[in-house]
Amino acid sequence: MIADSRAPAGFIWGVSTSSYQIEGAANEDGRGPSIWDTYCRQPGRIAGGDTGDVACDHYHRYAEDVRLMGGLGVDAYRFSIAWPRVMPGGRGDVNEKGLSFYDRLIDALIAASIEPWLCLYHWDLPQALGDLGGWANRDCAQWFADYAALIARRYGDRVKRYATFNEPSVFTLYGYCLGGQAPGLSDRTMLLRAIHHVNLAHGAAVDRLRADVVGASIGAIHNCQPCRPVDKSLENISAARTLDTYWNQAFPDPQLLGQYPPALASAIAPHQRPDDLAQICRRVDWFGLNHYSPHYIKADANNFLGVGFGDAPTEVPRSSLGWPVEPEAFRETLNGIYRRYGLPIYVLENGTASRDEVDSQGAVVDVPRIDYLRAYTAAMFEAMAEGADVRGYFVWSLLDNFEWGSGYGPRFGLVYVDYPTQRRIPKTSFRWYAELVKSTVAHPAA
Ligand code: FCB
């Protein structure tokens with residue numbers, strides 16, 4: 001189980017989670033409902049009818065989870081705040097019990113010398129705002145900015161790393177076009193408005209964080225993946241280009257370059273006011289990248305963008321979820337992002353699902369995950385050697401958790417969660433990752 005890091009000293013190793021996927025306690029201590037609570041209750045939406053009601057019970061077990069991170073030796077932990085836990089109606093009244101949960105979590109992390117990386121939005125929009133049109137309502141940008149100000153003032157003395165949004169392209173595309181995520185709609189105008197309003201919300205939140213947090217280090221987290229056509233037919237090439245625009249460029253381009261990609265600009269224009277782009281394009285400190293695999297795209301008339309997901313060529317290995325395992329695509333993405341945006345990159349999610357089981361010795365031996373992480377971190381080190389300025393890497397995820405529409409089936413954790421008992425069992429990959437982290441400390445900067 002040799003793990004040898006080529007990262008320079010100061011490189012940040014971490015693990016990531018998100019609120020709805022791990023916290024549970026959905027109806028406790030004044031938390032309001034989110035659009036994911038609603039979505040999970042709609043028949044047929046989630047595999048097995050699963051919900052995030054209990055999840056990993058992290059709300060009650062956070063101290064044990066921080067101890068696990070201490071055992072991993074990671075430098076940082078990325079988590080998200082559940083907006084409806086701290087502002088149950090999304091605006092107006094604040095829920096002190098919800099706020100104090102994150103105080104306890106943050107204080108426990110700092111006591112364990114683990115830096116908190118706080119993400120404001122990982123998809124659990126308060127249902128009360130969903131009822132007002134959610135992201136399709138322009139006012140949502142202002143509500144988000146007010147929420148950002150609350151968080152900045154409450155935690156800014158202890159938390160310096162902030163991400164505004166996790167994967168805006170993913171939750172807007174699946175939520176308003178492709179299906180599969182809350183709020184489960186299919187409407188071109190709503191998609192375009194949501195894209196633009198999330199971008200406005202990002203810019204407004206950056207301003208609030210800068211104003212209220214001394215020494216803030218701010219970014220947004222984008223999921224970037226090459227969009228390859230399944231073959232050379234013109235219709236599939238065109239579908240791949242369309243998805244590339246919406247998936248890879250619709251958010252980073254206006255946020256960092258101050259313009260929408262040409263293929264999207266005229267569609268967004270009717271929803272845009274004169275100085276919106278200046279308000280969206282605010283100075284940030286880094287690019288947060290989530291990456292798992294490339295997309296293979298085909299034309300598909302079943303949705304209004306005309307895009308569908310095809311299969312990777314047969315020789316490409318896949319994970320247990322069927323996602324292509326192609327570390328080369330990670331290297332290509334890191335280099336491409338660095339060339340296009342020129343910002344330091346933090347990889348804030350990378351990892352894989354595997355069919356993990358507890359064996360007769362009580363162990364979880366997850367060799368496919370170790371192989372994946374070894375190959376992907378090696379690809380990252382190559383990109384760094386080629387000049388990409390990568391400053392950190394976070395595994396998705398610390399724990400097995402609620403994998404959205406797939407429910408609890410896919411297991412992404414370094415730690416196995418036995419859901420009926422909530423027992424945590426560190427997998428073999430946990431020990432491998434701990435070795436990798438330690439070997440960086442052992443190899444000071446060249
Ligand atoms: C990402 C999400 C994260 C998790 C992983 C597997 O797209 O940000 O919540 O579901 O995929």
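Predicted model: local features only at pLDDT ≥ 70, side-chain atom pairs only at ≥ 80, totals over all residues.
An oxygen atom of the ligand sits 3.0 Å from an N or O atom in the side chain of Trp404.

| Side chain | Distance from its N or O atom to a ligand oxygen atom |
|---|---|
| Asn166 | 3.0 Å |
| Glu167 | 2.6 Å |
| Trp404 | 3.0 Å |

On its own the ligand has 300 Å² of accessible area, and the protein covers 95% of that; such areas come from the Shrake-Rupley method with a 1.4 Å probe. The ligand is surrounded by 13 residues, and the closest are Gln21, His122, Asn166, Glu167 and Glu403.

Residues are numbered from 1 along each chain as its sequence is written, and side-chain values use heavy atoms, leaving out hydrogens and water.

Now to a pair of helices. Helix 14 (residues 327–341) and helix 15 (residues 367–385) have axes that come within 8 Å and cross at roughly 35 degrees. Helices here are DSSP runs of H or I with at least four residues, strands are runs of E with at least two, and both are numbered from the N terminus. Axes are lines fitted to C-alpha atoms over the stretch in contact, and angles run from 0 to 180 degrees between N-to-C directions.

Helix 14 brings Pro327, Glu328, Phe330, Arg331, Leu334 and Asn335 to this contact, while helix 15 brings Ala375, Tyr376, Ala379, Met380, Glu382 and Ala383. Contact means heavy atoms within 4.5 Å. By type, these residues divide into eight nonpolar, one polar and three charged.

The loops are worth a visit too. Most residues other than glycine have a negative phi, and most peptide bonds are trans. Asp29, in the loop between helix 1 (19–22) and helix 2, has a positive phi near 50 degrees. The peptide bond from Ala182 to Pro183 is cis, with omega near 5 degrees, and Pro183 is in the loop between helix 8 (168–178) and helix 9 (188–212). Another cis bond runs from Trp396 to Ser397, with omega near 15 degrees.

Methods. Nonpolar A, V, L, I, M, F, W, Y, C, P; charged D, E, K, R; others polar. Near = heavy atom within 4 Å. Polar contact = N/O pair within 3.5 Å; in protein donor to acceptor, adjacent residues only side chain to side chain.
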